[in-house]
2 protein chains.
Amino acid sequence: MKRFTISVVATLLLGTAAPVFANDSVLAATGDSKQWAAQLGDYAGTRYSELDQITNENVGDLQVAWTFSTGVLRGHEGAPLVIGDVMYVHTPFPNNVYALDLNNDGKILWRYTPQQDADVIGVMCCDTVYRGLAYSDDTIFLHQADTTLVALDATTGDVKWSVVNGDPAKGETNTATVLPVNDKVLVGISGGEYGVRGHLTAYNIADGSMAWRAYSTGPDEDMLVDPENTMVLGKPVGANSSLDSWEGDQWQIGGGTTWGWTTYDPDLNLIYYGTGNPSTWNPAQRPGDNKWSMTIMARDADTGVAKWMYQKTPHDEWDFDGVNENILVDQEIDGTMRKLLVNFDRNGFAYTLDRETGELLVAEKYDPAVNWATHVEMDPASDQYGRPQVVAEYSTAQNGEDVNTTGICPAALGTKDQQPSTYSPKTGLFYVPTNHVCMDYEPFRVSYSAGQPYVGATLSMFPAPGSHGGMGNFIAWDAVAGEIKWSLPEQFSVWSGAMATAGDVVFYGTLEGYLKAVDAETGEELYKFKTPSGIIGYVMTYEHGGKQYIGVLSGVGGWAGIGLAAGLTNANDGLGAVGGYAALSDYTALGGQLTVFAIPD
Amino acid sequence: MKRFTISVVATLLLGTAAPVFANDSVLAATGDSKQWAAQLGDYAGTRYSELDQITNENVGDLQVAWTFSTGVLRGHEGAPLVIGDVMYVHTPFPNNVYALDLNNDGKILWRYTPQQDADVIGVMCCDTVYRGLAYSDDTIFLHQADTTLVALDATTGDVKWSVVNGDPAKGETNTATVLPVNDKVLVGISGGEYGVRGHLTAYNIADGSMAWRAYSTGPDEDMLVDPENTMVLGKPVGANSSLDSWEGDQWQIGGGTTWGWTTYDPDLNLIYYGTGNPSTWNPAQRPGDNKWSMTIMARDADTGVAKWMYQKTPHDEWDFDGVNENILVDQEIDGTMRKLLVNFDRNGFAYTLDRETGELLVAEKYDPAVNWATHVEMDPASDQYGRPQVVAEYSTAQNGEDVNTTGICPAALGTKDQQPSTYSPKTGLFYVPTNHVCMDYEPFRVSYSAGQPYVGATLSMFPAPGSHGGMGNFIAWDAVAGEIKWSLPEQFSVWSGAMATAGDVVFYGTLEGYLKAVDAETGEELYKFKTPSGIIGYVMTYEHGGKQYIGVLSGVGGWAGIGLAAGLTNANDGLGAVGGYAALSDYTALGGQLTVFAIPD
Ligand SMILES: O=C(O)c1cc(C(=O)O)c2c(n1)C(=O)C(=O)c1cc(C(=O)O)[nH]c1-2
Ligand SMILES: O=C(O)c1cc(C(=O)O)c2c(n1)C(=O)C(=O)c1cc(C(=O)O)[nH]c1-2
């Protein structure tokens, strides 16, 4: 099969280069809780830290220790990394990188300022965000908006190599971080709103050459799908599973982009990531299940071949991209320890699967407002097994083109978007930054032109009706029971990444700009501080000089903050987000700052 | 005389409008130490606050209370104002204004975002800075970069009126704050590097109509100079004093802009301000004293007529604009209380004058590095009376065109630029943010074209040789003795505005971004904190809910930070500042943030 050829060629090319084993480096770096070495904290994606100097007892004493302006405005997603005595700070487009000396008041050791064509901004759907740097083996991986992947020497900032993963002229861009695994680095692509055909690509860490590429749609060999051995809900997927689920060649411009998160289980040597919405947003233009958009993918980390797949939202009618992080935890179910994968999907269901087999264990709503489906069919004997049961009233496909389907919950940006959750092994709970937003959705016919928006729906968004009036909740979730443990109402979507610590504190940021700390057990608010701008960055922690610090980037933006970030005021602009979040401008203005907190001596 | 006609006409125009007495409002607002109601703290320009909760004993406990991102990058000069429960924050170009609710975590009550043509940026010599808002009678005065003066309703942000003071197409811009006095608001203009003919203009507060305009150069009637009654060092100035000091019509493009500070003595009803450099920077193109560039002006606040004038640097050869703030204090000299005016000039001399008469009392170097003049002649009998005695070696005029005069101290940006000093009546000392920078200066012939740079010299700047290696000092100055009391070395120019308080603390910011607090008596450093970006803003303080706060804007830029602000890297760019301050990029990046400090409960 063609895919194995690619893989073998790549291996041969690597023959003379020194072997690189990112896993050892990443495991060592993320295992040292003094550091913050990966966007999701670890390969498993828990965003949990063992540091426990800051506790639910003393977090109320937190103060600002130091600050740093990134020199860039608009949405700041992601978190700085800390490796040893150096902090690495990234920015949104133009994707500058700063190495700050923690031993010297954050003096700038080096800065890397890529020269990118600003035209790429015009084809980024949801602000100029970037979900941050990755690290392994004294290398900082920068994945630019224009899809250039750069390996930087962590000590000097010198470029080791760079490679281009896509073409912004076709709407291919990047916002995601990358994941170094074994001797490769795994790289996604954005552009679902431009008809980009999604893929995950592995580049060899040694020299940036391509090892393999796995498309989200199309022929099995393009997808690195093995018809006999790639499993779907316990059964071999069979030949042409994607091709058979599209009309004609629509899969070629059918989306399924990979702009979210990849996690990794070193024992199983499997990587996990999700694919985005099928293109266009007008379901009438793409009959069928549109496989494998909206799918959790489990692939062999070396070959890229799919071990199992699970499509969460077949034939999407609401833009519920399936790219959210898959958190890998071991928990007991019915008395047996299970290797689990937990995913809080945009569609409002939280899924618990067996990450070895892809078996579906739990699928429950993590916001009671979710109304587009009654439930996910859990009976393996049913022909609907694993499928959400769509409510006709909220089906934009059934209501048809040019009909405004109203009151769908959640809105297109989902009950949760890309903002990562966190898991505390001490409580066994997941802490999830969520949206509490509903929408009206009117699909319309659109024609494809490379590099032009290929959206095909008009949206408007509003707070979930009949609720607390706010647009967000911060919840604690039991992934075995499939139940909300507690839920904290928020005025706006919680668009920041959360972090739990061994100090029994959970941190998150709000769109108004507050950093908040709550008790991991009870959810009680223990601390809040108003940072310079709205927070869509991810909270991180590190220890330096014997002291624990909490860090977070401020800088309002992302899809929720696109009105402020891009200066839009028409309610339907920004893919429908501008109107819903208009009140945000009463609370905050654009920014780009790191705030670091500590408990004073 | 023509000038009186103008004034009378304006008064007639005002006949029907309600009378406005800004003084009462400004005196009340600045007299309430809970507020920060003027950029210089008060009419006298002391930047002193009576608040004393934060003291030299407890300032070490200061912590960040809250923060606000302005949404704009580049140099943030000026300070926010606090009137009642509202804080007014301004930005550099595009000169946005935010009214923040101090009772509600800084919620944005209103924002004003002027639509200015971005072309004005190209004709701003020294970054897109703005030295801040002014207040009187429930009115916020915004003076935009494009010279539009806007009166905003302080409660609603609604525009009461606006008036245009100059033409950016001719290089006329604004960076200065304005001063409301009596029924008028006093307004300067920038553009000395574009051959702009400077003027101070009074607009009627009631409706924005012009009351009078006093040019810095030209015929007596244009200058509102009274040949018999306008005094210069104790003698009537005589007719045509300006015209006689220029060759031909050069005064028409001869600079003397008014981009600095105005202070006011309500008892004398006199306003004080300074005029900038004569244009061009090539002295060979403008033989003569170039009056009244480089001059301290004392004018009647109602009529604008000059009471007295004093030219600090006749026939400037170094760009030593004379626009720095004139601080009005009463101190004892030889046993007699005197009404003094103290001015720390760019040229490196600190002047103490009698502010009623313009008598010159003290003129001493406030940086020992100053070498371009030996001293200022103090003998009234001498024909050199009041004139600096130029050292031939450092005379760019004597060395001539196309000759590089090296090692001149201070550099063009002076021993102090616009960054305002502060005065503590408790210690009787002035605290002065200074530059410790020298230069090479090579004049060359340049021809005038409206709206085009009209500079005529190539500069390079460097730390004062044979000193501590840094580019700045923060000093305490005795203006009666004419002596430095103490001097704190700084790595970079201290480009921020200082503030002294009744708590015996003096605050200032550094270009690396530190807010520093020092003991008013000893200069001992008591506290420092690294804010997000380099500080060129002015420290302010206010009390709210019974608690004292310290606020400062970060955002590196201004002339010293122009390399970072405008992304320049060629050493001679930015009028010679880029090379000297290149190391600044190792410490900070662009920003635009307010940081507010308090002592935790
Ligand atoms: O389909 C895509 O390729 C794509 C890309 C991105 C992106 O790259 O940021 C987002 C989305 N879709 C999207 O649907 C979405 O909700 C979203 C939110 C954000 C964000 O960072 O706030 N990006 C994106
Ligand atoms: O001659 C002028 O009109 C003019 C204007 C300005 C200004 O408006 O900022 C500065 C200067 N000159 C100048 O000489 C100077 O040193 C300077 C420093 C700064 C600053 O804000 O950092 N502005 C200006």
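**Two places to look in the model**

Biologist: How far from an oxygen atom of ligand 2 does a polar side-chain atom of B:Glu193 lie?

Modeller: Keep in mind that this model is predicted. A polar contact needs N or O atoms within 3.5 Å of each other. For the polar side-chain atom of B:Glu193 and that oxygen atom of ligand 2, the distance is 3.2 Å.

Biologist: And how much of ligand 2's accessible area does the protein cover?

Modeller: On its own, ligand 2 has 460 Å² of accessible area. Of this area, the protein covers 99%.

Biologist: Which residue has a polar side-chain atom 2.7 Å from an oxygen atom of ligand 2?

Modeller: Let's look at the surroundings: 21 residues surround ligand 2, and the closest include B:Glu77, B:Ser190 and B:Asp417. The residue with a polar side-chain atom 2.7 Å from an oxygen atom of ligand 2 is B:Thr257.

Biologist: Over in chain A, why do the "binding site" residues gather at one spot?

Modeller: UniProt, in an unreviewed entry, places this feature at A:Glu193, A:Asn277 and A:Asp319.

Biologist: Is A:Glu193 buried or exposed?

Modeller: A:Glu193 sits in the loop between β12 and β13 of chain A. Buried means under 20% relative accessible area. With a relative accessibility of 7%, A:Glu193 therefore counts as buried.

Biologist: Which residue's side chain does A:Glu193 join through a polar contact of 3.2 Å?

Modeller: Beyond its sequence neighbours, A:Glu193 is in contact with several residues, among them A:Trp281, A:Asp319 and A:Tyr454. The polar contact of 3.2 Å joins the side chain of A:Glu193 to that of A:Asn277.

Notes: Residues are numbered from 1 along each chain as its sequence is written. Chains are lettered from A and ligands numbered from 1 in the order in which they are written. This is a predicted model: local features need pLDDT of at least 70, side-chain atom pairs count only at pLDDT 80 or more; totals for chains, interfaces and linings use all residues. Side-chain values use heavy atoms; hydrogens and water are left out. UniProt positions are given in the numbering used here, feature names are shortened, and annotations may be inferred rather than shown by experiment. Helices (H or I, at least four residues) and strands (E, at least two) are DSSP runs, numbered from the N terminus. Buried means under 20% relative accessible area, exposed over 50%, partly exposed in between (1.4 Å probe, protein chains only). Contact means heavy atoms within 4.5 Å. A polar contact is a pair of N or O atoms within 3.5 Å; within protein, one must be able to donate a hydrogen and the other to accept it, and residues adjacent in sequence count only if both atoms are side-chain atoms. A residue is near a molecule or strand if one of its heavy atoms lies within 4 Å of it. Accessible areas come from the Shrake-Rupley method with a 1.4 Å probe; for residues, only the protein chains shown count as cover. Lists of a residue's contacts leave out its neighbours within four places in sequence.
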